[in-house]
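Hello,

Here is the structure I promised to pass on. My notes follow below it.

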Amino acid sequence: MNYFTDYASPVGTLRIVENGRGITAIKYLKNFRVLPADACEKETPLLKQAITELKAYFAGQRRHFDLPLDEQGTDFQKRVWAALREIPYGQTRSYKQIAEAAGSPHGYRATGMANNRNPISIITPCHRVIGADGTLTGYGGGLDIKKKLLELEASTLVQKDNQG
């Protein structure tokens with residue numbers, strides 16, 4: 001059985017889906033296409049935990065997530081998504097760097113496509129991937145939201161540095 005809830009985050013409403021094993025999707029509601037056929041709206045303990053962790057992230061109090069994930073994709077996509085989760089908070093990587101980390105050093109385009117198909121926004125931080133020249137490139141939530149997420153992380157790092 002799949003369950004979902006919507007969370008009105010500071011960067012837009014997020015639809016969060018879980019299947020009893022882990023989080024399967026966190027997508028901007030404006031981009032959410034299709035729910036699993038058996039999905040019903042219910043705020044389960046796992047969905048509540050996801051909202052709690054996301055709230056802490058947006059408040060600058062969380063850099064890592066402890067949620068179980070159950071992402072559906074090809075082996076290559078899963079390697080890319082795992083590489084995305086290795087990008088340190090407040091840092092960015094190029095598509096080339098992610099391709100290398102995923103074991104496909106010349107697979108920049110395939111890496112870009114896997115990044116684009118990331119089912120679990122923010123927790124699998126595809127917003128931390130930028131162009132080789134340092135420019136912001138596509139993001140499912142829009143470049144304005146990508147910029148806000150990167151600015152949030154950068155400002156949190158600055159605050160932490162100033163405190164200690």
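The largest pocket has a volume of about 350 Å³. A pocket here is an open set of points on a 1 Å grid over the protein atoms alone, where a 1.4 Å probe fits, with protein on both sides within 12 Å along at least five of seven lines. The volume is the space filled by probe spheres set on those points. This is a predicted model: local features need pLDDT of at least 70, side-chain atom pairs need 80 or more, and totals for chains, interfaces and linings use all residues. Numbering runs from 1 along each chain as its sequence is written, and side-chain values use heavy atoms, without hydrogens or water.

Back to the pocket. Its lining has 17 residues (each with an atom within 4 Å of a point). Lys 27, Asn 31, Asn 116, Asn 118 and Gly 140 lie nearest the centre. Strand E3 and helix H4 (108-116) each give two or more residues to the lining. H4 gives the most, with three. Helices (H or I, at least four residues) and strands (E, at least two) are DSSP runs, numbered from the N terminus. By type, the lining splits into six nonpolar, nine polar and two charged residues. Asp, Glu, Lys and Arg count as charged; Ala, Val, Leu, Ile, Met, Phe, Trp, Tyr, Cys and Pro as nonpolar; the others, Gly among them, as polar.

Next, the core. The largest nonpolar core has 37 residues. Such a core is a set of buried Ala, Val, Leu, Ile, Met, Phe, Trp, Tyr and Cys residues joined through side-chain atoms within 4.5 Å. Buried means under 20% relative accessible area (1.4 Å probe, protein chains only). Ile 16, Ile 23, Leu 54, Phe 58, Ile 122 and Leu 149 touch the most other members. H1 gives the most to this core, with seven residues. Beyond its neighbours within four places in sequence, Leu 149 contacts Tyr 57, Phe 58 and Ile 122, among others (heavy atoms within 4.5 Å).

Last, the rings. There are five aromatic pairs. Rings of Phe, Tyr and Trp (its six-membered ring) pair if their centres lie within 6.5 Å; planes under 30 degrees apart are stacked, over 60 edge-to-face, the rest tilted. Tyr 7 and Phe 58 make a tilted pair, at 6.5 Å and 45 degrees. Tyr 7 sits in strand E1 (residues 3-9) and Phe 58 in helix H1 (residues 45-58), 51 residues apart. Tyr 7 is buried at 8%, and Phe 58 at 14%. Ring pairs join Tyr 7, Tyr 57, Phe 58, Phe 65 and Tyr 89 into a cluster.

Best wishes

Key. Buried means under 20% relative accessible area, exposed over 50%, partly exposed in between (1.4 Å probe, protein chains only).
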